[in-house]
Amino acid sequence: MQENQTEKKKRKGDVVLIAVILVLAVAAYVGIKFYQGMSTEEPVAVVTVDGAEYGRFPLDVDVTEKIELPDGAYNILVVKDGAADITEASCPDGICVNHRAVSRQSETIVCLPNKVVVEIENGEESGVDSMTN
Amino acid sequence: MKTRKIAYLGLLTALAFVFSYIEFLIPVNIGVPGAKLGLANLVIIVALYTLGERDAFLLSVIRIVLVGFTFANLAMMIYSLAGGCLSYVAMAIAKKTNRLSITGVSVLGGVFHNIGQILVAMVVLETESLIYYLPVLLIAGIASGVAIGVLGAMVTKRLGRISQ
């Protein structure tokens with residue numbers, strides 16, 4: 001009888017243990033999903049000037065920003081229709097101005113004379129050459 | 001150490017070795033790396049209940065080293081060692097508390113084996129994203145733990161007298 005009772009108690013312990021682990025597994029799953037949801041943000045255009053971050057511009061908010069540098073040089077960044085583009089700049093070559101608008105993951109517009117870099121973060125994968133990223 | 005015990009330990013070592021080989025030959029692939037049936041754990045748990053903690057630990061380590069050198073490579077051996085040790089400690093403690101039956105102890109062992117492996121993999125590969133496998137591996141650990149535990153209880157019952 002005594003033997004039977006401890007056996008029963010142990011069986012109960014087993015069930016409790018399995019239930020606890022199941023709950024933990026589900027909790028971990030939900031937590032991870034939640035965390036993923038937090039970290040997969042909307043795509044943003046990150047502007048850096050000479051290596052330092054200048055600002056972040058979400059691609060879903062249309063905005064025109066004049067990036068002014070201490071020496072008077074400037075680039076005008078336009079975010080429109082989910083893409084970032086530089087439409088006007090003080091630099092002599094205008095390569096950044098001629099560059100098409102960027103919206104895909106890791107795409108960049110670089111203005112070497114002004115040391116301005118616009119890079120897309122959390123963007124959609126381009127699918128074309130994602131292997132080379 | 002009695003001759004009988006030496007022979008018994010040798011037998012269990014060979015059995016654990018063969019079980020590992022069988023698992024190596026027929027990987028039960030359910031799409032998650034690291035999830036296994038854990039047949040070898042059956043031997044460890046039987047040893048834990050018929051021989052005691054010390055011998056079971058020895059058996060566990062010897063098995064992993066043997067299998068590591070024979071069928072796997074060093075990296076796999078480190079994974080197994082981490083999983084095996086963590087799993088063993090969890091089982092030994094669980095058995096000591098006297099609150100769980102063999103099935104419960106085995107479930108804990110299975111779960112901690114998977115946790116240990118994933119922890120080492122995260123350190124070695126330097127990717128935290130492996131933690132995403134954790135929920136699946138926890139559930140896989142429960143499933144294999146129950147299976148092994150039920151089997152282990154049957155085997156232990158029958159072996160109990162032989163090992164004395």
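**Helices, ring pairs and cysteines in a predicted model**

Chain B contains six helices and zero strands, where helices (H or I, at least four residues) and strands (E, at least two) are DSSP runs numbered from the N terminus. The structure is a predicted model, in which local features need pLDDT of at least 70 and side-chain atom pairs count only at pLDDT 80 or more, while totals for chains, interfaces and linings use all residues. Residues are numbered from 1 along each chain as its sequence is written, chains are lettered from A and ligands numbered from 1 in the order in which they are written, and side-chain values use heavy atoms, with hydrogens and water left out.

Along the sequence, the pattern of chain B reads α-α-α-α-α-α. Chain B has 164 residues, of which 47% are buried; buried means under 20% relative accessible area, exposed over 50%, and partly exposed in between (1.4 Å probe, protein chains only). The accessible surface of chain B is about 8500 Å², and carbon and sulfur atoms account for 71% of this surface. These areas come from the Shrake-Rupley method with a 1.4 Å probe; for residues, only the protein chains shown count as cover. Of the contacts (heavy atoms within 4.5 Å) in chain B between residues at least 6 apart in sequence, 73% join residues at least 24 apart.

Helix α1(B) has 23 residues, which at 1.5 Å a residue should span 33 Å, and its end C-alpha atoms are 33 Å apart, in agreement. The expected span is 1.5 Å times one less than the number of residues. The buried residues of α1(B) are B:Y8, B:L9, B:L12, B:T13, B:A16, B:F19, B:S20 and B:E23. An α-helix has 3.6 residues a turn, so residues three or four places apart point the same way. The buried residues of α1(B) pack against α2 (39–50), α3 and α6 (134–159) of chain B.

Rings of Phe, Tyr and Trp (its six-membered ring) pair if their centres lie within 6.5 Å; planes under 30 degrees apart count as stacked, over 60 as edge-to-face and the rest as tilted. Over all chains, three aromatic pairs are found by this rule. One of them is the stacked pair of B:Y21 and B:F71, at 4.5 Å centre to centre and with 25° between the planes. This pair links distant parts of the chain, as B:Y21 is in helix α1 (residues 3–25) and B:F71 is in the loop between α3 (53–70) and α4 (74–97), 50 residues apart. B:F57 is partly exposed at 36% relative accessibility, whereas B:Y88 is buried at 7%. Ring pairs also join B:F17, B:Y21 and B:F71 into a cluster.

Charges also sit over rings, a case that requires NZ of Lys or CZ of Arg within 6 Å of the ring centre and within 35 degrees of the ring normal. A:K66 lies over the face of A:Y74, 4.5 Å from the ring centre, and B:K95 lies over the face of B:Y49, 5.3 Å from the ring centre.

The whole structure has zero disulfides over all chains, a disulfide being a pair of cysteine sulfur atoms within 2.5 Å. The cysteine sulfur closest to that of A:C91 is in A:C111, and at 3.4 Å this is too far for a bond. A:C91 is buried, with a relative accessible area of 8%. A:C96 is likewise in no disulfide, and the nearest cysteine sulfur, that of A:C111, is 3.6 Å away. A:C96 is buried, with a relative accessible area of 1%.
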